[in-house]
Amino acid sequence: MSLYESLRGYAAHYPNDSHVVACMAFLMEAERPFDRDHATGHFTGSAWLVDPEGQHVLLTHHRKLNRWLQLGGHADGDSDLAAVALREAHEESGMTGLSVDPAIYDVDRHWIPARNEEPGHWHYDVRYVVRAHARDAFVVSDESLDLAWVSIRALADDDATDESLRRMARKWLERETSTD
């Protein structure tokens with residue numbers, strides 16, 4: 001299934017989500033939407049990396065942004081964003097035996113401020129559930145100041161949490177409640 005078809009399927013479940021509308025428009029209009037050097041922005045793939053019990057998510061204290069965020073990174077020309085999310089989860093955590101759910105879990109369009117030689121630009125972030133099958137030890141990569149397993153319930157309930165993390169935490173809790 002193409003990314004556009006996947007985004008359409010996601011949009012059918014979340015029709016009022018302005019992020020998915022922006023992602024779909026960018027995908028259709030940009031010449032090289034998966035390339036990091038695309039001047040106005042590019043796609044990224046992120047991982048909502050959950051522990052085997054589905055109670056905690058592995059977050060990174062992002063070195064450049066100095067914020068706690070989900071794992072993820074640039075597509076670097078790869079249009080298979082689920083594979084990007086899985087690759088980034090492994091690279092940023094050092095964990096093996098991870099698996100990715102193929103359906104889009106969340107989307108977010110956010111501004112990345114100018115830094116050094118890099119101008120400000122948009123990230124069109126497509127997020128996937130990545131599952132750890134064991135709570136193996138993780139390794140903090142050069143991209144992170146730290147990694148931590150964080151309670152999904154605590155993220156959902158904390159008004160100080162980044163809005164996109166809270167949104168994903170709430171989605172997870174709603175999803176887990178509806179499957180019980």
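Author: Before we start on this predicted model, one term: two strands count as paired if DSSP finds at least two bridges between them. Ala-47, for instance, stands opposite Leu-71 in strand 3.

Reader: What makes strand 1 and strand 3 a pair, and in which sense do they run?

Author: Four bridges join strand 1 to strand 3 (residues 68-74).

Reader: Why is strand 1 called mostly covered?

Author: Ten of the ten residues of strand 1 (residues 41-50) are buried, and buried means under 20% relative accessible area. In a regular strand the side chains alternate between the two faces of the sheet. Here Gly-41, Phe-43, Gly-45, Ala-47 and Leu-49 are on one side, and His-42, Thr-44, Ser-46, Trp-48 and Val-50 on the other. Both faces are covered.

Reader: Why is Val-21 called exposed?

Author: Val-21, in helix 2 (residues 18-29), has a relative accessible area of 52%. Exposed means over 50%, so Val-21 qualifies.

Reader: Which element gives the most to the largest nonpolar core?

Author: That core has 34 residues, and those with the most contacts inside it are Leu-3, Leu-7, Phe-43, Leu-49 and Leu-81. Helix 2 gives the most to this core, with six residues. A second, separate core of 14 residues includes Val-57, Tyr-105, Met-168 and Ala-169.

Reader: What is Leu-81 in contact with, leaving aside its neighbours within four places in sequence?

Author: Among its partners are Leu-3, Phe-34, Phe-43, Val-126 and Tyr-128. Contact here means heavy atoms within 4.5 Å.

Reader: How do you know that the span of helix 3 agrees with what it should be?

Author: Helix 3 (residues 81-93) has 13 residues, and at 1.5 Å a residue they should span 18 Å. Its end C-alpha atoms are 18 Å apart, so the two agree.

Reader: Which residues of helix 3 are buried, and what puts them on the same side?

Author: Leu-81, Ala-82, Val-84, Ala-85, Glu-88, Ala-89, Glu-92 and Ser-93 are buried in helix 3. They cover an arc of only 155° around the axis, which puts them on the same side of helix 3. Just after the helix, Gly-94 takes a positive phi of about 75°.

Note on methods: Residues numbered from 1 in each chain as written. Predicted model: local features only at pLDDT ≥ 70, side-chain atom pairs only at ≥ 80, totals over all residues. Heavy atoms only, no water. Helix = DSSP H or I, 4+ residues; strand = E, 2+ residues; numbered from the N terminus. Expected span 1.5 Å × (residues − 1). Buried < 20%, exposed > 50% of the residue type's maximum accessible area, 1.4 Å probe, protein only. Arc of directions from axis to C-beta. Core = buried A, V, L, I, M, F, W, Y, C linked by side-chain atoms within 4.5 Å.
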